[in-house]
Amino acid sequence: MTQTALSDLEEYSTDRFIIKPVFDGVASMGKVLHLGPGQEVPVHPHAKKEVILVPQKGKAVLIAEDGKEQNLEAGSVYYQGVAQTFGLKNTSAEPFQMLVLLVGVEGAAAGTDRCLPRARLPRRLRAAARRCRTSRAHG
């Protein structure tokens, strides 16, 4: 197991946002994003990935592809399904720091949260796929 203190990665620039790696796993990765006041990350896709956003400091706005906005703030966790497209903007006068967790979902259909064939997943993720099928069958 590895441990990383997010405070050790904290860095802001007056020119642009900064992203630093936290970990890089087999099917997932973690990054920490730093946005200074007024800075933004353009709208972009995360093909074949689920995205979990965990704000650590400050406030920002998530901007979806359709222009809808969602306020982000520390103390909450935000989830974006497979192949969602969005951007971020720090609209406050304070710095914004957020942990971004990207979970690869190989074979995922764009824009869906469907269950995936277990054979396509790494061995350690196959049990989750089995639970997914069971919960959908009983849901």
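I take contact to mean heavy atoms within 4.5 Å. The model is predicted, so to speak for itself: local features need pLDDT of at least 70, side-chain atom pairs count only at pLDDT 80 or more, and totals for chains, interfaces and linings use all residues. Residues are numbered from 1 along each chain as its sequence is written, and side-chain values use heavy atoms, with hydrogens and water left out.

**Entry 1: H46**

I looked up H46 and found this residue in the loop between β3 (40–45) and β4 (49–57); strands are DSSP runs of E, at least two residues, numbered from the N terminus. Is H46 buried or exposed? H46 is buried, with a relative accessible area of 15%, where buried means under 20%, exposed over 50% and partly exposed in between (1.4 Å probe, protein chains only).

Leaving out residues up to four places away in sequence, I listed V51, A83, Q84, F86 and L102 as touching H46. V82 lies 36 residues from H46 along the chain, and their C-alpha atoms are 7.4 Å apart.

**Entry 2: the sheet**

Next I traced an open sheet of 4 strands, in the order β3-β8-β5-β6 with antiparallel pairing; two strands pair if DSSP finds at least two bridges between them. Which strands are at the edges? They are β3 and β6 (69–73), each pairing on one side only.

I then followed β5 (residues 59–64), which pairs with β6 in the antiparallel sense over 5 bridges. For V61, I noted N71 as the bridge partner in β6.
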